[in-house]
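Thanks for coming. I will take a few minutes to go through one structure, which you will see on the screen now.

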Amino acid sequence: MSLLDTDAIKNIMGAAFAPIFGTGELIRVNMVWQSGGGLPVEDAPVAISVQTDRCDEAMRQSPGYTAEDSKLIILQAGITGREPNTDDVIVARGQRWKVKSVRSDPAQSHWIIHATKEVTDGT
């Protein structure tokens with residue numbers, strides 16, 4: 001068994017970086033399929049430690065990239081349930097972000113999320 005087979009690195013990274021990361025929320029969105037199509041249903045927000053950053057080169061080269069996109073780094077320590085997916089929303093620095101893609105580091109200490117600002121119609 002190696003360190004990558006346990007939650008040790010995840011917990012160490014969480015303890016080390018949570019104090020310097022900002023606080024935010026992970027809102028998991030589940031699509032409920034009905035006869036007319038899918039209806040998004042938001043779960044209760046999960047508290048997260050999140051850092052916002054500029055998109056990396058791979059994100060800037062991806063289809064659909066906009067100047068409103070950002071890289072979000074979310075610590076995995078203390079978060080249960082499924083990993084974020086492209087239906088989900090992240091709240092960071094007072095802004096809602098729609099997830100475009102998700103990847104994880106080998107130790108599963110954090111997710112690296114390519115996200116774009118969620119546009120609201122003001123209602």
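Which residue takes a positive phi in the hairpin of β6 and β7? Before I get to that, note that this is a predicted model.

The residue is R93, with a phi near 55 degrees. The hairpin has 2 residues between the strands. Strand β6 covers residues 89–92 and strand β7 covers residues 95–104. They run antiparallel, and 4 bridges join them.

Now the interior. In soluble globular proteins, nonpolar side chains tend to be buried together. In this model the largest nonpolar core has 13 residues. Those that touch the most other members are I48, V50, L72, I74, I90, W97 and I113. At least two residues of this core come from each of β4 (46–53), β5 (69–75), β6, β7 and β8. β8 gives the most, with 3 residues.

Back to I90, then. What does I90 touch, leaving out residues up to four places away in sequence? The list includes I48, L72, I74, W97 and I113, and these five are also among the core residues that touch the most other members. I90 touches E25, Q95 and R96 as well, among others.

Definitions and conventions
Residues numbered from 1 in each chain as written. Predicted model: local features only at pLDDT ≥ 70, side-chain atom pairs only at ≥ 80, totals over all residues. Heavy atoms only, no water. Pairing = 2+ DSSP bridges. Core = buried A, V, L, I, M, F, W, Y, C linked by side-chain atoms within 4.5 Å. Buried < 20%, exposed > 50% of the residue type's maximum accessible area, 1.4 Å probe, protein only. Contact = heavy atoms within 4.5 Å.
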